[in-house]
Amino acid sequence: MAWIPIHDQPYDPVPYRPARVTAAESLQAAAELRAKMDERRTVRAFSTEPVPEQVVIDAIAVAATAPSGAHQQPWTFVLVTDPEVRAQIREAAEREEQVSYAGRLGEEWLSALRPLGTDQNKPHLTDAPYLIVVFEQRYYLDDEGDQHKHYYVDESVGIAVGMLLTALHLSGLAALTHTPSPMKFLSEVLDRPKNEKAFAVIPVGYPAPDATVPSLIRKDLDQVMVRI
């Protein structure tokens, strides 16, 4: 059934009876997921090796199941495969990044980035076989052309991107959240409507054979979780 806006529609509940798992099964699944996700790293060096497109499409479908404010699903995922378009995106992104790394970011931000080894060069935008450009929809237009506000847009799209990264990782792929600033050029290159604003560019593929990642340590659980 195709989705239609539910704005001002009456509450229409349906039964929800998910399959239950045993406590032992739940503990095992949680432990396996925790270990698997601990292996996830942000990758900036991608192989040009082809990736099955359906794997990426399925990951986007997973992201689209994310919760959203008032169930308005305020996201668009643009899957970019065309090499020429990816080259345009890289050229525009590197132009903005050149200005940023030359001083627009400010010394405090540049200092935070140095341990990550980043710079204005963005080969991942053309090396990775896929780019997923995520747009947030600030509002939508109904059939009469009336504008309706979306709610908790940043939060909703952020959750969806997190689920997208998780799905890609569990499918054996590497990814990177790239947020060139400003990102207005993405709307122009990809010809997106005025109600959409770029949220992130996510290169997707296999890591390059010689890929490296920064030597980083994640915070311990007791540093990020509080039990009350």
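Biologist: How many residues in the lining of the largest cavity are nonpolar, polar and charged?
Modeller: This is a predicted model, in which local features need pLDDT of at least 70 and side-chain atom pairs count only at pLDDT 80 or more, whereas totals for chains, interfaces and linings use all residues. Residues are numbered from 1 along each chain as its sequence is written, and side-chain values use heavy atoms, with hydrogens and water left out. With Ala, Val, Leu, Ile, Met, Phe, Trp, Tyr, Cys and Pro counted as nonpolar, Asp, Glu, Lys and Arg as charged and the others, Gly among them, as polar, the division is five nonpolar, three polar and no charged.

Biologist: Which residue forms a salt bridge with Asp38?
Modeller: A salt bridge puts a side-chain nitrogen of Lys or Arg within 4 Å of a carboxyl oxygen of Asp or Glu, and a search of the whole structure finds ten of them. The one at Asp38 has its closest N and O atoms 3.3 Å apart. This pair links distant parts of the chain, 180 residues apart, from the loop between α1 (23-37) and α2 (53-63) to the loop between β6 (196-205) and α8, where helices are DSSP runs of H or I with at least four residues and strands are runs of E with at least two, numbered from the N terminus. The partner of Asp38 is Arg218.

Biologist: In which helix do Arg95 and Glu91 lie?
Modeller: Their side chains meet in a salt bridge of 3.8 Å, N to O. Arg95 is exposed because its relative accessibility is 52%, and Glu91 is exposed at 53%, given that buried means under 20% relative accessible area, exposed over 50% and partly exposed in between (1.4 Å probe, protein chains only). The two residues are four residues apart, about one turn of the helix, and both lie in helix α3.

Biologist: Why does Glu107 count as partly exposed?
Modeller: Glu107 meets Arg114 in a salt bridge at 2.9 Å, N to O, and Arg114 counts as exposed because its relative accessibility is 52%. Glu107 counts as partly exposed because its relative accessibility is 48%.

Biologist: Which residues do salt bridges with shared partners join into one network?
Modeller: Side chains of opposite charge can pair when their charged atoms come close. In this structure, the salt bridges that share partners make one network of Glu136, Arg138 and Asp154.
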